[in-house]
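I open this notebook to keep track of what I looked up, one topic at a time. The entries follow the order in which I checked things.

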Amino acid sequence: MTSGHEIREAVLRRERSAAEIADEALARIEAVDSELKAFLTLTPERARARARAVDEAVARGDDPGLLAGVPVAVKDLFCTKGVRTTCGSKILENFVPPYSATVVERLEAQGAVIVGKTNMDEFAMGSSCENSAFFPTRNPWDPSRVPGGSSGGSASAVGARCVPVAVGTDTGGSIREPASFCNVVGIKPTYGRVSRYGMIAFASSLDQAGPMTSDVRDAADVLEVIAGHDPMDSTSVDVPVPHYASSLRDDLKGVRIGIVEEFEESIAGDVAMAALYEAAYAKLRELGAKTVPVRLPHAKYGLATYYLIAPAECSSNLARYDGVRYGLRIADGGDVYAMFEKTRAAGFGDEVKRRIILGTYALSSGYYDAYYVRAQKIRTLMKGDFDGAFAQCDVIACPAVSCPAFELGAKADPVSMYLMDYFTIPMSLAGIPALSVPAGYVGALPVGLQIAAPAFEEGRILGVAHAFEQATKFARLREPLIAADRSRAESRA
Amino acid sequence: MAEIPIDIAHVSKLARLALTDREAAAFSAQLGKLFDYIKELQALDVEHVHPTAQVIPLRNVFRDDVITASLDQAAALANAPDKDGAYFKTPRILE
Amino acid sequence: MINEKAVAREAGEFEAVIGLEMHVELLTRSKMFCGCRNVFGCVPNTNVCPVCLGMPGSLPVINRRAVEFLCKTGLALGCDVAPYSKFDRKNYFYPDMPKNYQISQYDTPLTRGGAIALPSGKRVRLTRIHLEEDTGKNIHGGATIAQSQYTLVDFNRAGVPLMEIVSEPEIASAKEAEAYLGELKAVLSYLGVSDVKMHEGSLRCDANVSIRPAGSDELGTKTEIKNLNSFRSVGRAIAYEIERMRDCALAGERIVQETRGWDEASGVTHPMRSKEFAHDYRYFPDPDLVPLNLDSATIERWRDELPELPAAKRERYVSALGLTPYDADLLAADRPTAEYFERVAELSNAPKEAANWLAGDVRRSLQKHRLDLSESPMKPDQLAALIALVKDGAVSGKAAKEVCAVLVAEGGDPKTVVAERGLAQTSDASSIARFVEEAIAANAESAAAYRGGKEKALEFLVGQVMRASRGKANVELARALLKERLG
């Protein structure tokens with residue numbers, strides 16, 4: 001299985017055609033997806049048409065872009081013009097958007113070949129992909145286990161080597177946690193770094209799109225392609241997009257890495273996980289970094305804070321799903337209000353309903369100050385914690401998850417599922433960039449290392465992650481149980 | 001399991017979400033533990049803290065008053081569950 | 001006609017307290033948060049896009065000009081423009097709401113304070129002016145909501161920028177309410193921010209009405225009156241409601257706080273169906289938008305760009321151009337009329353005559369043909385030319401009226417119209433002198449009577465000269481010549 005950047009080089013050098021690469025990706029998906037169930041919709045015609053265009057451009061002597069010929073899977077939360085986009089929900093089961101998300105347009109403008117839309121927890125609410133209205137996706141490392149969520153399908157597709165690149169979204173950990181479970185690289189950029197236009201909204205002040213890839217180099221390239229100001233998104237920031245690949249480094253001399261006391265206390269309870277992370281920090285020091293202890297005293301309030309803010313915003317964002325203009329409608333003779341109520345009752349799954357109820361309550365008269373406003377104030381305190389920490393270090397290294405992938409059905413209690421976001425929520429609330437990079441195995445299951453940096457310092461986290469990746473090559477050390485690439489020998493690099 | 005303070009019947013009406021009694025009871029039970037965490041927030045002193053409405057310090061983001069292409073009527077209505085000629089159609093409104 | 005006197009006389013023991021909430025659709029080219037056309041009367045669902053249809057993944061972006069228009073309105077009305085302002089979501093469900101929340105402003109409106117000065121001199125203070133987006137339009141499949149089996153929805157107007165202007169409850173009568181509306185309409189027209197057409201919905205008015213014992217400071221229970229579709233209905237509805245409340249109070253009945261709809265046909269307000277539960281709008285700052293920090297340089301630039309406003313124009317018309325206050329009011333009522341008048345005054349160098357024509361014959365002709373001044377084919381230079389003809393004596397005042405009527409309806413060159421209709425006036429002294437001699441000769445008694453001091457006899461002789469000349473004689477010249485001849 002080759003990476004995205006290797007594919008691009010091969011296509012530009014005319015060693016391989018984009019068309020054959022697209023066909024191979026589609027064949028790989030067909031070989032494994034009946035078991036993996038990572039995809040909701042495949043787009044073979046679009047893929048072949050795009051691949052053809054890439055090959056024609058190359059033949060003309062043009063450069064089709066940074067992702068020329070690279071097969072890409074897109075989380076079904078990104079609107080794709082003319083292609084069914086469900087957001088993992090029955091309420092949008094047959095929705096065909098008349099426009100594409102900016103992220104999708106930018107990928108295709110740089111030669112990416114989109115092969116399909118991936119499965120996800122409904123409306124991005126979940127940490128296991130079990131909340132998909134359609135079916136759960138499987139973890140390629142153990143199909144009885146979850147791939148994580150909400151970007152489970154994207155993580156799984158890359159983890160199973162169907163495609164080298166996918167895009168997901170992260171609101172409280174929905175890229176980083178599945179990346180950790182599936183042994184891939186996943187980045188949540190700084191809030192405002194990537195346009196949210198055309199990204200079906202869950203929690204507007206937290207949602208961010210990001211790459212999920214087989215290696216750090218690809219993540220850097222994809223981030224460069226999708227990042228940047230978009231006039232269609234008022235919250236997208238007009239800050240220049242660097243050539244992120246330039247930030248990749250092989251050693252960490254002079255880099256100060258913060259280790260979070262509160263997080264280390266938390267992970268200490270699990271011997272195997274604690275050992276894995278200790279080894280990771282040791283490797284970072286071996287590469288030349290200096291580790292310093294830092295504190296995030298308000299991190300423990302992250303869960304409650306997040307589970308007030310995100311549901312509040314989503315309760316408002318999801319009001320538009322009412323059966324009037326698009327999507328599911330249940331109208332059996334009553335008035336329009338009955339239609340709203342029945343449509344939404346039938347179209348939304350339990351987790352979505354829970355969060356709408358919670359969020360509506362948090363905003364409601366008499367409770368708004370006590371819940372929503374208070375949570376937004378604690379958010380300010382958490383941002384302050386990171387500002388304090390980054391005064392002493394360049395990046396923070398910490399666990400991405402508290403455990404490896406769990407079995408399907410293991411976390412039936414919703415709050416136990418919410419706890420999966422413990423390490424990832426604070427970065428989301430602070431709006432700072434963070435990624436997960438493969439960091440080893442507990443038993444047979446992969447675990448990721450999280451690296452975070454101040455706002456707009458994605459280069460730093462990519463640099464550190466690249467050095468760690470090159471020194472450990474964890475993702476290539478073992479084979480997933482479901483592996484779509486046929487050549488096993490070449491993967492033992 | 002902690003009692004949650006939400007009047008689910010009232011809130012589900014505001015949210016136009018018809019919940020069954022079973023669902024309401026289940027949600028109530030499920031969200032109890034979360035409210036234990038939420039209660040911890042109440043203990044913090046945040047009197048002099050500003051709420052973060054936006055993590056990014058942007059201001060004054062505008063678009064110029066220019067006309068851009070609209071959808072054509074067919075595209076606008078393409079996903080409509082029910083339509084009547086040029087219009088979206090819904091059941092009647094009983095206030 | 002509101003029988004204000006009757007109402008006031010009988011309501012001597014109560015005073016009315018009225019506040020007005022105006023919603024004004026702004027004349028931007030595009031909508032508040034997207035680039036769809038802001039145009040009235042198009043084929044349904046053709047000025048729509050993912051943003052104003054509330055499609056999944058769509059995001060709003062603020063129209064700069066809408067902010068400018070609102071701030072200029074505020075500056076014109078003496079309001080304070082807020083240096084910090086933001087947008088909030090107002091959450092409620094309705095079929096004409098694309099997102100089931102409206103982007104509006106809750107606790108940080110763009111302007112606060114200000115006032116509208118009524119012609120009487122009274123100032124009605126404003127509470128606030130804020131910006132929000134309009135909804136789509138529901139059309140009920142049936143004669144009334146109650147009879148409909150279905151609803152049709154058109155989202156063309158969803159997302160149009162709306163300015164909400166809220167007055168303090170300082171209006172004391174239906175008449176004052178109409179004056180408030182008139183002044184507001186004039187200011188909005190001058191600024192070019194609205195076409196102020198209530199019948200097209202670009203200007204909407206809700207009235208909050210209550211009564212209290214005369215001289216009291218406390219506010220009584222208020223009702224909100226909706227469905228006011230013209231300036232006239234605003235006045236009529238308020239007058240009706242005041243009387244209704246007075247009747248309630250005198251009969252010892254409790255006045256219910258409620259929303260009432262005005263029925264223009266029957267001339268009454270009736271309670272609108274109460275909602276099952278009061279709306280809890282759950283306002284919170286819209287996370288898809290960032291706040292506004294308007295700096296003083298921008299605000300001052302907008303202030304400099306304000307045109308001369310109605311009050312200033314009226315004042316100038318009276319003091320510098322010599323118009324009567326009545327004519328000044330009329331001509332300054334809206335910008336197109338004011339500009340038309342100023343152009344005619346400038347071209348003819350005769351502002352008083354220009355005012356007389358526009359406030360008199362032109363106005364009457366326009367009403368007869370149901371035209372706005374802007375819809376009439378008569379151009380300012382044509383009216384100015386007519387004024388010149390009268391001044392030169394080429395046409396009599398009476399004939400000029402006829403010419404004016406033609407110009408208002410069809411436009412044209414007044415000279416041509418005069419010639420075509422044979423309306424030219426003779427100011428040739430010698431031919432008039434002949435008629436004068438004939439009239440004197442034929443009416444010796446009248447001549448003698450005038451010489452004897454009867455002024456009226458002169459007018460009779462003038463009439464005879466006019467008859468003899470078939471109306472073509474310059475009447476002033478005829479009179480002068482008669483006077484001279486008769487000594």
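What radius of gyration does chain C have, and what would a compact globule of 487 residues have? I noted first that this is a predicted model. Chain C has a radius of gyration of 29 Å, whereas a compact globule of 487 residues would be near 23 Å.

**Entry 1: chain C as a whole**

I then looked up the span of chain C. Its C-alpha trace covers about 95 × 55 × 50 Å along the principal axes. For secondary structure I wrote down 16 helices and 18 strands in chain C. Of the 487 residues in chain C, 47% are buried. I also checked contacts in chain C between residues at least 6 apart in sequence, and 70% of these join residues at least 24 apart.

**Entry 2: a sheet in chain C**

In which order do the 3 strands of the open sheet in chain C lie? I read the order as E6-E5-E17, with antiparallel pairing. Strand E6 (101-104) and strand E17 (284-285) of chain C each have a single partner strand and stand at the edges, so each has one side without a neighbour in the sheet. Strand E5 (residues 88-91) of chain C is joined to E6(C) by 4 bridges. One pair I looked up there is Asn91(C), whose bridge partner in E6(C) is Tyr101(C).

**Entry 3: strands in chain A**

I turned to strand E7 (residues 256-260) of chain A. It pairs in the parallel sense with strand E8 (residues 290-294) of chain A, over 5 bridges. E7(A) also pairs in the parallel sense with strand E9 (residues 395-399) of chain A, over 3 bridges. Ile257(A) has a bridge partner in each of these: Thr291(A) in E8(A) and Val395(A) in E9(A).

**Entry 4: helix H2 of chain A**

Where is the kink in helix H2 (residues 18-36) of chain A centred? I found it at Glu30(A), with a kink of about 35°. The buried residues of H2(A) include Ala18(A), Ile21(A), Ala22(A), Ala25(A), Leu26(A) and Ile29(A). Arg28(A) and Asp33(A) are also buried in H2(A). Among the elements that cover the buried residues of H2(A) are helix H1 (4-12), helix H3 (44-60) and strand E3 (113-118) of chain A.

**Entry 5: where chain A touches its partners**

How many residues do chain A and chain B give to their contact? I noted 57 residues from chain A and 46 residues from chain B. On the side of chain A that touches chain B, H13(A) gives the most, with 10 residues. By class, that side has 31 nonpolar, 13 polar and 13 charged residues.

For chain C, the contact takes 36 residues from chain A and 26 residues from chain C. H10(A) supplies the largest share of the side of chain A that touches chain C, 3 residues. I counted that side by class as 21 nonpolar, 9 polar and 6 charged residues.

Note on methods:
Residues numbered from 1 in each chain as written. Chains lettered and ligands numbered in written order. Predicted model: local features only at pLDDT ≥ 70, side-chain atom pairs only at ≥ 80, totals over all residues. Contact = placed C-beta atoms within 7 Å. Helix = DSSP H or I, 4+ residues; strand = E, 2+ residues; numbered from the N terminus. Nonpolar A, V, L, I, M, F, W, Y, C, P; charged D, E, K, R; others polar. Rg over C-alpha atoms; globule rule 2.2 N^0.38 Å. Buried ≥ 20, exposed ≤ 12 C-beta atoms within 10 Å, placed from the backbone. Pairing = 2+ DSSP bridges. Bend = angle between axes of the 7 residues up to and from the residue.
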